Amino acid sequence: MRVSIVREIGERNGASHRSSGSTFSLRRPAASAVPLTQHPTLISRTMLSMLTTKEMTVRIASRIALPSLMLLVAMVGQVAADAKVTSIAVYPTDIALSTAVDRQRYTVQATRDDGVTLDVTTQATIRAADPKIATVESHTVYPAADGKTELLIDFQGHTTRASIEVAEVSITPAVSFKLDVMPVFMRVGCNTGSCHGAARGKDGFRLSLFGYDPDGDYHRLTREIGPRRINLAFPHESQLLEKAVAAVPHTGGKLFEPNSEYYNTIYQWLEAGAPQDEGEVPAVTHVDIYPPAAVIEGAGSKQAFVVRAHYEGGVTRDVTHLAAFSTTNDASAAIDEHGVVTAASRGEAFVMARFDTHTVGSQVLVLPKDLQYTPPKIEGNYIDQLVGAKLQKLRIVPSELCTDEEFLRRATIDIAGSLPTADEYHAFLAETSSDKREKLVDRLLARKEFSEIWAMKWSELLMVKSNNQVSYKAAFLYSSWLTDKIANNVPLDQMIRDLLAASGGTFNSPATNYYQIERDTLKTAENTAQVFMGIRTQCAQCHNHPFDRWTMDDYYGFAAFFSQIGRKQGEDYREQIIYNRGGGEMQHPVDKRTMAPKYLGGDMADTKGRDRRAALAEWLTASDNPYFAPSVANRVWAHFFGLGIVDPVDDIRVSNPASNPELFATLGKKLVEYNYDFKRLVRDICTSQAYQRSCVSNESNKHDNRNFARASVRRIPAEMLLDCVSQATETKDKFRGLPLGARAVQIADGQTSNYFLTTFGRSPRETVCACEAKTDPTLSQALNLINGNTVQNKMRQGGVIGQTLAAGKTPQQIIETLYVRCLTRKPSEEETKRLMQIVASAPTAQEGLDDVFWAVLNSREFLFNH
Amino acid sequence: MPSVRHAEQTLPFFLCLVVAVSLLESASAVEPQISAIAPSGFQRGTEVDVQFRGARLDDAAELMLYEPGITVKELKAEAPNLVKAKLAIADDCRLGLHAVRLRSQSGVSNLRLFAVGALQEVEEVEPNSDFASPQPIELDSTINGVVKTEDVDYFVVEAKKGEPITAEVEGLRLGYTFFDPYVAILNESRFELARSDDAPLLRQDGLCSIVAPEDGKYIIQIRESAYGGNEQSRYRLHVGRFPRPRAVFPAGGASGQSLDVTWIGEATGPRTETIVLPTTTPKGLLYAKTDRGISPSANVVRLIDIPNVVEAEPNNSRNEATAGPAPVAFNGVISVGGDIDHFRFPAKKNQRFEIHVYARSPLRSPLDPVLNVYRVTGGARIGGNDDTVGPDSYFRFTAPEADDYVIQVRDHLRAGGPEYTYRVEVTPIKPKLTLTLPERVRYISTTAVVPRGNRIAILANARRANFGGELTLTANGMPTGVTAEIPTMAANRSDVPMLFTATADATPAGALVDLVGKPVEDKVQVEGHLKQRTMLIRGQNNRDVWGHEADRMAMVVTNEVPFHVDLVEPKVPIVRDGSMQLKVVARRQEGFAAPISVRMLYNPPGIGSSAAIRIQANQNEALIPLTANGSAEIRDWKVCVTGRASHAGGAVESSTQLATLRVADAYLGLTIPKVAVELGKSTQMVVAVEKKQDFAGKAKLQLLGLPSGATSEPIEIDAAATQATFEIKVEDKTRPGRYTNLVCRSVITENGEPITENTRGGELRVDKPLPPKPTAPAAPKPVAKPVPPKPPAEKPLSRLEQLRQQKKESE
């Protein structure tokens with residue numbers, strides 16, 4: 001079938017198969033790779049051509065049980081909805097075709113007045129203004145003759161148009177290995193890690209993982225001695241093709257049909273003698289996915305996506321059939337190999353298409369059909385505006401605001417890492433001013449504990465820890481440096497510039513420990529990207545990143561910033577001197593190229609005569625840097641919500657998009673606007689309604705945990721929890737290098753820990769990953785609290801009950817004190833009644849109250865911030 | 001004689017020391033130890049009561065001080081672990097650290113440091129760990145304190161506006177433990193006005209100073225830099241108005257020269273003064289002195305008699321280089337970050353100079369210099385250096401052509417500041433000689449303990465630079481009654497044994513002996529003295545962090561020890577690939593029966609000796625086996641054996657005389673062949689003899705290393721023999737295989753003593769006899785049939801016979 005289509009097109013265009021000559025031009029795919037029968041929109045088109053909407057509704061209604069027509073239900077639903085279509089759009093709007101074999105799929109999207117979008121590609125009336133220039137068939141525009149024309153779309157009275165430009169129809173380019181064959185390997189999955197892309201290949205054949213080394217792949221395909229991978233005399237007998245179509249046993253199974261477009265591409269390349277591309281082939285500059293967003297309603301409704309690649313020199317190409325599609329949420333919006341999304345349960349998804357090294361995505365919201373939703377009024381600051389807008393899109397109603405008691409405890413733990421004291425509790429509840437929450441946040445932000453928590457968080461990310469290379473003194477000074485910077489409100493950008501460009505002794509200039517704690521050049525580069533940009537580049541060390549845009553060139557270009565770090569021992573053997581050697585280059589491991597320093601996702605760096613690290617620090621902290629500020633802001637956000645807008649906070653990539661991109665960008669902008677004073681950002685966050693929401697969910701938001709419609713219940717992190725336990729029991733802890741009674745968040749050296757902290761997931765500071773500090777509840781934590789000696793010993797040491805009894809308080813008063821002290825609330829009447837019974841039945845009041853105290857400390861309400 | 005240990009009464013630290021010492025050298029009860037001196041420093045011009053704590057101090061007799069200025073008024077051992085002394089510190093006693101050893105009647109202690117200060121002494125009084133309640137002290141005093149675990153000590157002084165307040169701490173420098181102090185000056189509102197962790201001038205010890213911004217109280221804080229500390233973390237904190245410059249510029253000149261210098265780095269600003277460079281030792285110590293006081297420790301300058309040239313800024317480019325003659329000492333300051341200094345000097349073609357940038361050592365400048373040398377014509381870089389001498393730079397320069405050359409100096413991190421002073425000395429390449437004493441016990445500096453009427457030998461090491469040849473060593477200023485026997489050090493050797501002998505009537509005494517080395521040939525003019533490092537503080541992996549460098553060797557004459565040892569000088573040489581038994585004879589004092597372990601002081605190159613030989617209890621002789629390898633140097637060596645025995649609960653030592661050990665070439669060159677033999681048979685092994693030296697009489701040869709069951713009789717050959725044939729008999733029980741560990745030992749007797757030579761090589765292969773020729777397979781035996789008579793056993797055939805038989809059968 002495939003061959004016949006090619007022939008047909010060739011004849012239609014009056015073009016003969018010949019090479020484009022010495023100048024290299026892109027070869028367009030000859031025809032759709034999608035079998036017509038598999039494309040749902042094609043089915044409906046065929047049907048609809050015979051039926052009017054009305055007729056169809058009637059006929060469908062009478063044959064509703066027919067499974068073969070089930071698919072149509074959704075389509076009917078779309079067009080039959082009550083809401084009115086307000087606009088239509090066609091994608092792409094600028095169709096450019098060159099050479100005889102080019103083509104371009106398009107998609108038409110209608111938007112209703114309630115924001116829901118419909119894929120009306122099949123229902124709209126579409127034609128080329130001048131059929132002599134271009135023809136339209138199966139939602140695809142084909143070239144006919146050089147010239148310009150327009151694609152005209154009409155749907156329910158709405159019209160739109162796309163420009164069409166056709167050139168070089170007389171040329172049929174030869175199949176290119178890199179441009180045509182390599183994408184097939186990628187699309188059908190030959191070069192994945194589980195197949196031939198594995199480091200040692202598979203079943204004796206190796207391809208570079210995700211095609212990072214096309215020249216190497218060419219060599220292995222055509223020159224490696226072994227089984228007959230290619231047979232130029234009888235191309236169809238090439239093992240390459242026989243395996244792919246499962247004509248001979250293939251561990252990977254059947255990948256495509258004989259005579260499919262993929263088959264033909266490879267066949268034609270073999271037929272041409274399996275030539276290597278001459279000279280440089282144009283690189284893909286960017287890839288588009290259309291439509292950019294979709295809000296689809298009702299399970300089963302569909303939206304087809306179109307993917308287009310842009311090459312150097314401005315050439316475009318329809319790569320829908322060569323792109324690999326994926327979705328972040330299969331349960332809501334599954335996407336098939338042809339780029340068609342089918343709606344399922346309510347939710348949101350990010351559908352992605354990957355072609356070459358580029359991954360692009362589009363947001364799809366899936367709404368239940370006939371949802372009753374009254375948008376609540378959006379109040380609060382800019383954060384609430386953005387969160388509210390997103391919630392409205394999702395038709396979610398946020399939870400109510402939390403109580404003053406809840407807010408006091410939540411904010412005090414989050415901002416200051418401690419429990420509110422009884423005095424603070426009473427004062428806050430008694431306060432009547434309308435801005436008392438803002439005032440509380442301001443009071444908490446002014447406390448030293450705030451900077452200590454953030455110094456600890458940065459210490460975790462920067463792995464401040466003594467080891468054989470880093471003496472305790474160096475780790476201590478490094479931690480002190482960080483604490484000092486944060487306590488003195490040094491803008492973050494300044495701090496990071498000082499850190500990245502640090503030179504000198506690890507004692508004298510403690511920031512240099514950044515380069516002493518991690519001495520490996522590549523890891524230093526990886527850590528820098530992960531900590532300060534939230535980007536994980538690790539994959540690209542060995543191959544192009546499979547889920548992001550980073551290539552090996554990006555990786556080694558970025559690592560080149562750290563290739564000139566010199567180290568020598570200081571006079572004190574414990575001290576290392578870190579300096580700029582001014583020499584030393586980074587080599588690309590595949591072809592041994594010297595990699596010039598290149599900013600990740602940016603331009604080549606001009607580092608001549610400079611410390612490369614200083615240039616990097618400057619670029620990173622520049623106000624227009626797209627990574628640093630949003631990633632830091634996102635980390636700050638995640639501390640207060642237990643979840644980043646991009647989550648995990650240090651895995652920002654195209655395929656892990658922000659749940660609220662506008663909010664993500666705005667927080668970054670605000671941080672820059674605040675001159676990197678993140679304290680002000682914290683104030684914005686903590687005074688937002690989003691932060692003040694109750695943990696109690698409502699019907700519309702109970703299944704959503706990514707859009708901040710309600711507060712999440714979070715286990716208090718290890719250090720802060722220990723500090724809270726010590727605070728509640730009035731006991732003191734002793735840590736190395738700190739006076740008795742110091743708080744766990746003040747621990748300088750990651751090596752210093754105790755059993756409690758380790759059990760509760762204190763960051764071991766072994767990697768820069770934000771996941772090092774764990775807040776997952778575990779059984780050993782519960783057992784530690786119940787049976788371990790921490791709580792019991794602390795209760796005994798503190799002697800809180802004994803003292804209060806001695807002070808003449810009644811058990812009821814004491815129970816109330818304990819509740820306020822630990823849970824920041826008074827016990828309910830029922831609680832008081834039952835607890836009093838327990839106390840009364842105990843041998844002594846002391847024992848009974850001890851039990852109550854123990855129970856309160858073991859309660860989930862105490863362990864969690866809510 | 002101290003015989004009882006009192007370790008349990010001493011500090012825990014000392015317990016560790018005792019354990020360490022006992023592990024290292026099986027505890028010498030006669031070796032006194034000082035673990036602490038209290039107080040750890042004294043004010044000069046006063047008389048002080050001092051306690052020396054340690055072990056085995058009960059026959060303490062004398063303090064051996066390395067520098068003048070301190071008079072011992074009284075010294076009394078109160079207990080085996082405590083000696084009390086009354087010391088008078090002279091008014092002009094040098095400020096800073098002094099070294100001392102304690103001599104007892106039976107030995108000499110380890111080296112310890114104490115400090116001498118100019119200010120009144122105050123003891124730290126705990127509690128003073130709270131900022132709110134610091135210990136009040138007067139300005140201009142020295143506090144003796146301790147930073148215990150995570151301890152912070154606060155002191156408060158009152159100062160008037162404009163008064164300088166300087167705090168200098170001697171912590172690590174006292175040499176007790178790896179104590180890295182941090183010192184800060186705070187105002188009453190807790191603001192740090194100055195702080196110091198490590199000061200390049202004072203290594204890990206801190207120094208900070210301010211000018212009081214107003215009348216009021218100022219708090220001095222001292223702690224360990226990372227909140228460590230322990231009972232041994234003692235410090236002396238000098239707090240006062242005294243001058244304490246961080247640098248002096250120019251930092252050197254000729255001894256006795258009058259020099260205009262600038263004192264740099266004081267809170268009150270730079271100060272210029274004309275001084276006369278000191279002529280006294282230790283060399284090059286300058287103490288800044290004003291009417292406000294004197295610096296508690298010195299600034300160090302270089303003393304060398306070459307022209308001094310001071311940099312003339314701008315000299316940031318080669319064209320602007322400050323010019324000077326050669327040899328010359330250029331003095332400069334990398335005054336601001338990024339500053340680069342250039343100096344220019346002329347050189348003739350092939351003229352050689354040492355170009356040494358002195359910054360960190362000895363000036364203790366913060367500068368980490370990087371040196372580059374360029375030729376003026378054409379600007380070619382001749383060479384350069386960063387870190388050859390610690391952080392300092394050294395380059396051995398040879399002028400490719402007659403021209404002017406430019407020296408470029410910058411900081412490694414391109415930092416700079418007014419205290420970044422340095423000197424570049426361009427000097428002709430001169431011979432240098434330094435003597436050291438190798439440690440006999442790890443990490444303990446070697447001393448000479450000579451029992452009266454007895455001998456002790458120690459090894460001296462020489463480091464020759466820029467010359468070669470034989471050296472003579474002399475020991476000057478030994479205690480009365482001690483003589484030294486020091487052979488000439490060979491040109492190709494860097495060590496030589498020194499034997500010290502005390503007469504029987506010498507009285508126990510101690511002296512710091514000046515060891516002088518000179519070349520035998522007088523065409524090289526150089527004199528070397530001892531430079532003995534005592535490691536006081538060791539870091540991770542026993543790295544040398546802080547110690548003392550002595551210019552003299554501690555030597556003491558002690559009471560008798562109960563034995564003498566003598567070496568019976570061999571009358572024959574030890575030959576290459578040979579062995580020998582060195583006989584040691586002990587003369588025991590009546591009643592002394594303990595075993596004496598004996599070992600060579602050193603092994604000449606290529607000679608190995610057993611270190612585990614003892615003269616058994618009640619015995620008087622032992623043989624130390626020596627072996628020589630094939631490349632042992634052929635010459636006469638002076639060797640010596642030291643005996644060590646337990647005595648009176650401790651250990652005592654005495655050495656033999658220096659005896660001649662001759663190393664000669666082999667007499668017989670033997671070659672052992674490869675032979676094969678079958679079990680139960682015998683074979684001949686013909687060892688080829690290639691005589692290398694003539695000898696009289698017979699050489700007795702013996703084949704060793706044969707497998708069990710194989711034997712050969714010794715044989716004798718004379719000097720004319722060209723081969724020696726051994727008859728080897730191999731029994732049936734011998735295990736077949738290849739035996740390659742054969743040794744042919746020859747013993748030639750000369751002067752009644754054996755000369756033994758051991759030749760290795762060859763192979764004996766023991767084979768199983770080949771199986772007999774297979775006969776026709778026997779017919780399967782019917783079970784019921786009686787056993788037929790056994791055919792007569794065939795004689796086993798040799799391989800040759802088998803082959804012949806096979807041939808015959810095939811025909």
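Predicted model: local features only at pLDDT ≥ 70, side-chain atom pairs only at ≥ 80, totals over all residues.
Start by selecting A:Cys190, which counts as buried at 13% relative accessibility. A:Cys190 takes part in no disulfide, and the nearest cysteine sulfur, that of A:Cys195, is 7.6 Å away. A:Cys195 is partly exposed, with a relative accessible area of 26%.

Next, go to a pair of cysteines that do join. Select A:Cys769 and A:Cys771, and you will find a disulfide with an S to S distance of 2.2 Å. Over all chains, the structure holds one disulfide. Turn the view to look along the S-S bond: its torsion is about 130°, so the disulfide is right-handed. Are the two partners buried or exposed? A:Cys769 is buried, at a relative accessible area of 12%, while A:Cys771 is partly exposed, at 48%.

Now colour by chain and move to the place where chain A meets chain B. Chain A brings 21 residues to the contact and chain B brings 22 residues. The area buried between them is about 1,600 Å², and carbon and sulfur atoms give 49% of that. To see where chain A loses the most area to chain B, pick A:Lys568, A:Glu571 and A:Tyr573; together they make up 39% of what that side buries.

Stay here and show the polar side chains. Between chain A and chain B there are 10 salt bridges, and 14 residue pairs are in polar contact across the interface, both residues of each pair being at pLDDT 80 or more. Which elements of chain A give two or more residues to this side? Select helix H14 (472–487), strand S22 (565–569) and strand S23 (576–580) of chain A. H14(A) provides the largest share, four residues. By type, the residues on chain A's side of the contact divide into 10 nonpolar, four polar and seven charged.

For a close-up, select A:Lys473 and B:Asp197, whose side chains meet in a salt bridge with an N to O distance of 2.9 Å. Then widen the selection to A:Asp572, A:Arg574, B:Asp180 and B:Asp198: with A:Lys473 and B:Asp197, these residues are linked in a network of salt bridges.

From A:Arg574, step across to A:Ser471, which touches it. Setting aside neighbours within four places in sequence, A:Ser471 is in contact with A:Ser466, A:Phe507 and A:Arg574. A:Ser471 is found in the loop between helix H13 (448–461) and H14 of chain A, and at 15% relative accessibility it counts as buried.

Finish with a walk through chain B. The structure holds 92 salt bridges over all chains, and here are some to visit:

- Select B:Lys73 and B:Glu47, whose side chains meet in a salt bridge at 3.8 Å, N to O. B:Lys73 lies in strand S5 (residues 70–79) and B:Glu47 in strand S3 (residues 47–55) of chain B, so the pair ties together parts that are 26 residues apart in sequence.
- Move on to B:Asp551 and B:Arg552, a salt bridge whose closest N and O atoms are 3.0 Å apart. B:Asp551 is partly exposed at 39% relative accessible area, and B:Arg552 is partly exposed at 24%.
- End at B:Lys733 and B:Glu731, joined by a salt bridge at 3.5 Å, N to O. B:Lys733 is exposed, at 63% relative accessible area, whereas B:Glu731 counts as partly exposed at 37%.

Definitions and conventions. Residues numbered from 1 in each chain as written. Chains lettered and ligands numbered in written order. Heavy atoms only, no water. Contact = heavy atoms within 4.5 Å. Buried area = accessible area lost by both parts, 1.4 Å probe. Salt bridge = Lys/Arg side-chain N within 4 Å of Asp/Glu carboxyl O. Polar contact = N/O pair within 3.5 Å; in protein donor to acceptor, adjacent residues only side chain to side chain. Nonpolar A, V, L, I, M, F, W, Y, C, P; charged D, E, K, R; others polar. Buried < 20%, exposed > 50% of the residue type's maximum accessible area, 1.4 Å probe, protein only. Disulfide = S-S within 2.5 Å.
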